[in-house]
Amino acid sequence: MAMETREVRAYSPGRVNLIGDHTDYNEGVAVPMAIDLGTTVTFVPDGSRRVCLHSAATPEPAEVDLYVRLDTERLKTIEPRWARYVAAVVAAVGPRTGGCGNVESTLPMDAGLSSSASLEVALALALGSEAEPLHLAETCQRAEQAATGVDCGLMDQLVVTAAVEDCALLVDFADLSARPVHIPEQPEVIVAHSGASRTLERSPYSTRRAECEAAAYGMGPLGRLRPEDLVGISDPLLRRRARHVVTECDRVRRFASALEHADLGEAGRLMTASHRSLAQDFEASTPALDGLVEHLLSLPGVFGARLTGAGFGGCVVALTEPGAVDIGTLRAPAWRVRPSGGARLLP
Ligand code: GLA
């Protein structure tokens with residue numbers, strides 16, 4: 001049979017998390033939203049045993065053996081760094097043939113807008129994965145974990161595969177169910193960069209995850225606990241970590257309901273409360289993130305603002321009245337983002 005050499009193009013959005021951080025790996029809930037910035041991968045299979053990708057964002061291509069193993073020790077020797085993600089996806093998807101291609105992205109790198117999940121999912125589709133959204137997300141989560149050595153949760157990969165046009169997703173990580181939450185026409189979602197890029201592997205993410213596991217010991221997953229259960233955690237630091245997760249899950253459910261009732265004032269207040277909890281109880285904020293949040297909150301027409309994603313750098317997200325924020329005056333790279341549908345093959 002002749003080798004199929006037809007070009008395949010796939011696109012995956014990035015995401016901003018509207019509320020619910022550090023809840024996914026605790027069997028909690030979150031409301032992430034896929035955004036209209038993302039990654040396009042073009043791939044031409046050629047029957048070889050190498051996958052070679054070029055990217056406009058970096059001079060060095062990613063060149064990967066088709067039979068590379070999904071093994072962190074092996075993957076972390078691969079250079080340039082972005083080639084580790086390519087190698088991990090190749091290993092996780094197991095395409096039948098190598099080939100060459102190209103990556104184009106409108107997402108800022110290492111900003112906490114899931115540029116890596118977006119690359120993983122677009123590449124998996126371009127390499128021929130036909131998995132349905134949840135399975136595709138789990139495959140790409142395994143790739144991310146192997147490429148970084150960090151035991152990240154499923155939120156980023158799940159929202160970019162399963163997103164629905166004009167909606168955020170209310171995801172319950174206990175049973176991996178996801179319900180679209182319609183975003184009303186009127187508010188704007190602004191994302192602004194704190195100036196500090198961060199990668200999960202160089203952040204305290206793994207420490208926080210270990211603290212949550214220690215807090216959950218003998219209690220059950222933190223995302224399932226009630227506020228009155230917190231007295232059962234004797235260590236004060238672990239109790240604070242757990243309090244963030246427990247109160248965050250409550251905020252997430254109220255936020256989804258507020259959005260559905262177009263109660264933007266309440267949605268914004270919950271976002272701001274989420275930031276305070278992430279800063280004080282979870283210690284995932286930075287002075288730059290706090291400064292951006294306070295600045296945004298001082299502007300008329302801003303309903304609420306919070307750090308988004310893992311924290312420790314990266315971006316903040318704000319919910320605002322249309323035109324309330326002139327992003328040119330923020331002295332930070334900023335984007336006005338719209339909800340987007342999920343990853344897909346392009347014609
Ligand atoms: C990163 C991880 C996610 C999630 C967030 C924090 O984005 O990849 O799984 O844990 O941090 O909410």
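Q: Quick one to start: how many disulfides does the structure hold?
A: It holds 0 disulfides, counting a disulfide as a pair of cysteine sulfur atoms within 2.5 Å. C52 is in none, and the nearest cysteine sulfur, that of C100, is 4.5 Å away. This is a predicted model, where local features need pLDDT of at least 70, side-chain atom pairs count only at pLDDT 80 or more, and totals for chains, interfaces and linings use all residues. Residues are numbered from 1 along each chain as its sequence is written, and side-chain values use heavy atoms, with hydrogens and water left out.

Q: Is C52 buried or exposed?
A: C52 counts as buried, because its relative accessibility is 11%. Buried means under 20% relative accessible area, exposed over 50%, and partly exposed in between (1.4 Å probe, protein chains only).

Q: Switching topic: where is E248?
A: E248 is in helix α7, residues 236-260. Helices here are DSSP runs (H or I, at least four residues), numbered from the N terminus, and strands are E runs of at least two.

Q: Buried or exposed, that glutamate E248?
A: E248 is buried, with a relative accessible area of 0%.

Q: What is E248 in contact with?
A: Leaving aside neighbours within four places in sequence, E248 is in contact with I19, G20, D21, T23, R243, S274, L278 and R306. Contact means heavy atoms within 4.5 Å.

Q: Now helix packing. At what angle do α8 and α9 pack?
A: Helix α8 (residues 264-280) and helix α9 (residues 287-297) pack at about 160 degrees, with axes 12 Å apart. Axes are lines fitted to C-alpha atoms, for helices over the stretch in contact, and angles run from 0 to 180 degrees between N-to-C directions. The pair is therefore roughly antiparallel; that label is for angles over 145 degrees, with under 35 roughly parallel, 65 to 115 roughly perpendicular and the rest oblique.

Q: Which residues of α8 and α9 meet?
A: From α8, T272, H275, R276 and A279 meet L289, D290, V293, E294 and L297 of α9.

Q: How about α3 and α5, what angle there?
A: Helix α3 (residues 115-126) and helix α5 (residues 155-162) pack at about 50 degrees, their axes 9 Å apart, so α3 and α5 are oblique to each other. In α3, A117, E120 and V121 meet D156, Q157, V160 and T161 in α5.
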